Amino acid sequence: MDKLNIRIKNLLKVCVKRIPFLGILFLLPRTLINSRKYRKKYKRIISGQSSLSDIEVISIEFCSVCNLSCRYCFLEKNNRPAFLDIGIYKKLLAEICENGQYRIKIMEWPISGCFFLHPQYRRIIEITKEYKEKYPDFRPWIILNDNMMLFDKDKVDFILKEGVVDQIICSIDGVNKDTFEHMRPKADFDTVLANTDYLLRKKSEGKSRIVVQINNGRDEKSTGKMLDPRLKEIFSRADLLTNWEPVNWNASFHKRNPRYNTYPFFCSFVFESVSLSTSGAITKCCMDLKEATRYGDFSKNTLESIWFSEARRAFLRAMHEGRRHLIPGCDSCSISYVSQNKFLK
């Protein structure tokens, strides 16, 4: 049955690529369901019934710098700090833990850059653990995204021992050494495989509950090439394998002549997500690598005041009224909703 479902999904992808109009037809049922759900949320907001419990996802940019120069990433530092001040992170944890109205489901680390470049990455883990031990209701599903270059044995042992992270997403692109290093300049294929192998082995030996996901992207250089046996073996041991292709789905992808296929309907990110950048700015979406959707400064205000601000109501109003194309950052994005994490408790 699983193989049949995969074949059906692949067939639908081919159909949508060849007949673009079919893509809209497939999206309509989901869009209608999401629209009804979020229109109700919108009505609650404008009637003054919004709640902090509506915030389900918090994404954090601990670093605005990276050790790689991936071909399909367009991270822009924009003069913001290289690293998030640990005091700002502690301020965030204090607010969402001490105010019982918050019900955060997911915390995503980081939305850009490399977590292990942060000079206090160990302290970030330790502080998070302290808050989880002190506040029993603070139980978000914590996702760590990493390119696996700096995630060596010492760091793997530390992360698994502390038990703070619930899911690790390992970004490993291409189908062999050449295609991997083509897509991820400055990365070393053998180092990444060795680090990922150690992570998977230690998880298995220690019977860790942590979920290991591998996110594999492939561009035209991978077309028609066989999957390296070492990659195939690594992929087979992951809890989840996801794939992506480089398309112009938003302004984060660096293309010489980009054509952004802006999604015509509204998006749930703006209703239930908060992103925190290294500058302390609150942005609408974790896909914003440029602070284009900035609407608040958490270093000077509370998250609560930003969440209920007129600035937020203004862009929600535009999204609700079908004027998404007028919202900075959303005008060049084709993403429409928050994906459901099947491992989320």
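This is a tutorial dialogue on how to read several features of one predicted model.

Student: What should I know before I read the residue numbers and the model itself?

Tutor: Residues are numbered from 1 along each chain as its sequence is written, and because this is a predicted model, local features need pLDDT of at least 70, side-chain atom pairs count only at pLDDT 80 or more, and totals for chains, interfaces and linings use all residues. Side-chain values use heavy atoms, with hydrogens and water left out.

Student: How is a residue judged to be buried or exposed?

Tutor: Buried means under 20% relative accessible area, exposed means over 50%, and partly exposed is in between, with a 1.4 Å probe and protein chains only. In this structure, Met-148 is buried, with a relative accessible area of 0%, and Asp-166 is also buried, at 3%.

Student: Where do Met-148 and Asp-166 lie?

Tutor: Helices (H or I, at least four residues) and strands (E, at least two) are DSSP runs, numbered from the N terminus. Met-148 lies in the loop between β3 (141–146) and α5, and although Met-148 is not a glycine, its phi is positive, about 70°. Asp-166 lies in the loop between α5 and β4 (167–171); Asp-166 and Ile-106 are 60 residues apart in sequence, while their C-alpha atoms are 9.9 Å apart in space.

Student: How do I read a salt bridge, and how many does the structure hold?

Tutor: A salt bridge is a side-chain nitrogen of Lys or Arg within 4 Å of a carboxyl oxygen of Asp or Glu, and the structure holds 23 salt bridges. One of them joins the side chains of Glu-61 and Arg-80, at 2.7 Å from N to O. This pair links distant parts of the chain, since Glu-61 and Arg-80 are 19 residues apart in the loop between β1 (57–60) and α3 (86–98). Glu-61 and Arg-80 are both buried.

Student: What does the spacing of residues along a helix tell me?

Tutor: An α-helix has 3.6 residues a turn, so residues three or four places apart point the same way. Here Glu-205 and Lys-202 are 3 residues apart in helix α7 (residues 189–206), and they are therefore separated by about one helical turn. Their side chains meet in a salt bridge of 3.8 Å, N to O; Glu-205 counts as exposed at 52% relative accessibility, and Lys-202 is partly exposed, with 27%. Salt bridges that share partners also join Asp-197, Arg-201, Glu-233 and Arg-237 into one network.

Student: How do I read aromatic pairs, and how many are there?

Tutor: Rings of Phe, Tyr and Trp (its six-membered ring) pair if their centres lie within 6.5 Å; planes under 30 degrees apart count as stacked, over 60 as edge-to-face and the rest as tilted. The structure holds 14 aromatic pairs. In one of these, the rings of Phe-115 and Phe-116 have centres 5.5 Å apart and planes at 75°, so the pair is edge-to-face. Phe-115 and Phe-116 are both buried. The pair of Tyr-121 and Phe-158 is also edge-to-face, because the ring centres are 6.4 Å apart and the planes are at 85°. Tyr-121 lies in helix α4 (residues 121–134) and Phe-158 in helix α5 (residues 153–162), so this pair ties together parts that are 37 residues apart in sequence. Both Tyr-121 and Phe-158 are buried.

Student: Which residues form the aromatic cluster?

Tutor: One aromatic cluster is formed by Phe-62, Tyr-89, Trp-109, Phe-115, Phe-116, Tyr-121, Phe-151 and Phe-158.

Student: Which residues of helix α11 are buried, and what follows the helix?

Tutor: In helix α11 (residues 310–320), the buried residues include Arg-312, Phe-315, Leu-316, Ala-318, Met-319 and His-320. Gly-322, with a positive phi near 75°, follows α11.
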